[in-house]
Amino acid sequence: MNFFVADPEWGWWIVLYFYLGGIAAGAFFTATLIELFGAAEDRELPRVGYWIAFPLICLCGVFLVADLERPERFWHMLFKSEVAKAAFAEGWPVSGAGWRLMSDALMFKHWSPMSVGSWALSAFGLCSGLLFLGSLWPQGRLEWLFRRSTLARVLQVAGSLLGFFVAAYTGSLLTATNQPVWSDSVFVAPLFLTSAASTGIALMILVARSRAVTPPESLERLERADLWALGLELVVFAVFLASLGSNLVPVLQAFHGRLFVVGTLFVALLVPLAVHLRLGTSSQSAVAVAAVFALVGGFVMRYALVKTPPELLARGPSAAARFSPEDGRPRGEGTGADPGNRAPDLQPRSKVYNQE
């Protein structure tokens, strides 16, 4: 666990981006699966997922822009600023020269996580936006174009892949840092991905029940899918905790670390699972309670995970010092990793030569 790094100072904008981006991706992917492989009576349910995905991913873009030190320069992540300014000077978008310059202004840095993330978020916003339009007016031309045609299938598959990337990318970004906890496990991205599925389905259940746009049989199948998503998330969460090894102890000593472990385990996972696994009974209010707990727990998980490393950094190396593998060994004893790691017995050399 590395305590000699700077705090990234991520606040509420980033927490909300992680949270809402995951819900958007999970809802979009679930809607696409139902659209492609669901039963005929489930045709109205994907509309709910598309209603959710586009507004939330738009909010994510707003949150990322708000988090920048210079929000007015957000477009510099997508375009070469000087070339774009030259294109405007040439009369873009009403001149051919302006369009030629603007086509050269597009900027994609495959080696930059910020650039890749910005383009993925923009592309996912485009796909979800078109499918959102196709979900507003049933039986209309837009529905046929953006939900039933070949173009719609391309948008659905591409949007699902982009949604997967957006949901997992945030976790991969944390793992790639040198922050404590984040860099100590490769399972942050899988945890974010499974949480995106469970929270996306949970919000779809709440919206579908409130709008009464789908038959009860479709909602029951969606609830079973939520049960599987929660079970998978529980397995991934257990693997994540196990991957921390001895570093889990200082995490549990921090307030946000305890909130992360306890909040995720009980609020996000065990309570919703207990409601879904009730003894064969059926209650709309119980399902709504499970969905609310899953959503609240998903937020707690991301908030606490973002806030735990800064708390550990504030406490300094002493937070984990007692867990050194050298603890309990007498100083100078050759019982460490290197048995010969012991200073020899040296006699101080006299400044006066021995005349004997």
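At 2% relative accessibility, Val181 counts as buried (buried means under 20% relative accessible area, exposed over 50%, and partly exposed in between, with a 1.4 Å probe and protein chains only). Val181 sits in the loop between H7 and H8, and its phi is positive, about 75°, although it is not a glycine. Most residues other than glycine have a negative phi, and most peptide bonds are trans.

Before going on, note that this is a predicted model, where local features need pLDDT of at least 70 and side-chain atom pairs count only at pLDDT 80 or more, while totals for chains, interfaces and linings use all residues. Residues are numbered from 1 along each chain as its sequence is written, and side-chain values use heavy atoms, with hydrogens and water left out.

## Other spots to look at in the loops

Gln139 also has a positive phi, about 65°, without being a glycine. You'll find Gln139 in the loop between H5 and helix H6 (141-148). Is Gln139 buried or exposed? Gln139 is exposed, with a relative accessible area of 70%.

Now look at Trp92 and Pro93: a cis peptide bond joins them, with omega about 15°. Pro93 lies in the loop between helix H3 (81-89) and helix H4 (96-105).

## Helices from end to end

What is the chain built from? The protein has 12 helices and 0 strands (helices are DSSP runs of H or I with at least four residues, strands are runs of E with at least two, and both are numbered from the N terminus). Take H9, residues 216-244: at 1.5 Å a residue, its 29 residues should span 42 Å, and its end C-alpha atoms are 42 Å apart, which agrees. The expected span here is 1.5 Å times one less than the number of residues. Just after H9, Gly245 takes a positive phi of about 60°.

Buried residues make up 42% of the 356 residues in the protein. Of the contacts with a separation of 6 or more, 75% are between residues 24 or more positions apart (contact means heavy atoms within 4.5 Å).

The largest pocket has a volume of about 710 Å³. Of its 27 lining residues, the closest to its centre are Gly61, Leu64, Val65, Ser118 and Leu121. H5 (113-134) gives the largest share of this lining, 8 residues. The lining divides into 20 nonpolar, 5 polar and 2 charged residues (Ala, Val, Leu, Ile, Met, Phe, Trp, Tyr, Cys and Pro count as nonpolar, Asp, Glu, Lys and Arg as charged, and the others, Gly among them, as polar).

The second largest pocket comes to about 490 Å³. Of its 26 lining residues, Phe29, Thr30, Leu33, Ile201 and Ala225 are the closest to its centre. H1, H7, H8 (188-211) and H9 each supply at least two residues of this lining.

How are these spaces found? On a 1 Å grid over the protein atoms alone, a pocket is an open set of points with protein on both sides within 12 Å along at least five of seven lines, a cavity is a set where a 1.4 Å probe fits but cannot get out, and lining residues have an atom within 4 Å of a point. Grid points are joined across faces, edges and corners, and a volume is the space filled by probe spheres set on the points.

The structure holds 1 cavity of 30 Å³ or more, and the largest cavity has about 40 Å³ of space. Its lining includes Tyr17, Phe18, Phe192 and Arg302. H1 (12-37) supplies the largest share of that lining, 4 residues.
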